[in-house]
Amino acid sequence: TPTSLWVAGSFNSWSLKAMTVNSSSGNFEYQLNLSAGNHQLKFANTADWKGKDWGNSTGLDGVAKESTGGAPNISFSVVQSGDYKISLNPSTFSYSIVALAVQPSPMWVAGTFNSWSLKSMTYSSGKFSFSQSLSAGNYQLKFANTGNWTGKDWGNSTGLTGTVTESTGGKPNLAFTVTQSKTYVISIDPVTFAYSIQ
């Protein structure tokens, strides 16, 4: 188990930065500002790449594996620019990358249920949500970051839960089916773009 750890990535030109130990969890942590997009990182047990390093994983959480000698990095993406905390358990090498102070832009939603008229969503507890009465049947929708379709939109998924991807420019909508006629809450996480309709 390493007693000191550093982290570096594509976000800082691979300049190793010392991580601090959280006294309550025992995890190593590092805070930084990330721009929206794709990134890579590695953890190291020296400040000069002369010891061991760990990567070889994908996503905002997982388990880093030893990658000394040029094995793959950890690849991950963030949808929203903002401050993030990178945490690593030094015993299990489980890691997580969590948004700290993301200031989300407003979101809208529209679909076949309202003739594609964009409706403003409400932000609370880290998610945007919108209530809609639906009859049993098949529907399509998209999320958007403007109220008039002039910005980006997200869809390209199926089902009542999942993750949408950018679909600006006429790419596929989010398609879903409900079996009961009732009021549904459509919600989306502006950081991970995970959605639910329930």
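The legends below describe a predicted model.

**View 1. The tilted pair of tryptophan 14 and tryptophan 49.** Eight aromatic pairs turn up in a search of the whole structure. One of them joins tryptophan 14 and tryptophan 49: the ring centres lie 6.4 Å apart and the planes meet at 55°, so the pair is tilted. Tryptophan 14 sits in the loop between strand S1 (6–9) and strand S2 (17–18), and tryptophan 49 in the loop between strand S5 (37–44) and strand S6 (53–55). The pair therefore ties together parts 35 residues apart in sequence.

**View 2. An open sheet of five strands.** The strand order is S3-S4-S11-S12-S8, and the pairing is antiparallel. Strand S3 (20–21) and strand S8 (61–63) form the edges. Each has a single partner strand, so one side of each lacks a neighbour in the sheet.

View 3. S8 and strand S12 (residues 94–99) run antiparallel and are joined by three bridges. Across this pairing, glycine 62 stands opposite tyrosine 95 in S12.

**View 4. An aromatic cluster.** Phe113, Tyr139 and Phe176 make up one aromatic cluster.

**View 5. Lysine 182 over a tyrosine ring.** Lysine 182 lies over the face of tyrosine 184. The distance to the ring centre is 5.0 Å.

Notes. Residues numbered from 1 in each chain as written. Predicted model: local features only at pLDDT ≥ 70, side-chain atom pairs only at ≥ 80, totals over all residues. Heavy atoms only, no water. Pairing = 2+ DSSP bridges. Helix = DSSP H or I, 4+ residues; strand = E, 2+ residues; numbered from the N terminus. Phe/Tyr/Trp six-rings, centres within 6.5 Å; stacked < 30°, edge-to-face > 60°. Lys NZ or Arg CZ within 6 Å of the ring centre and 35° of its normal.
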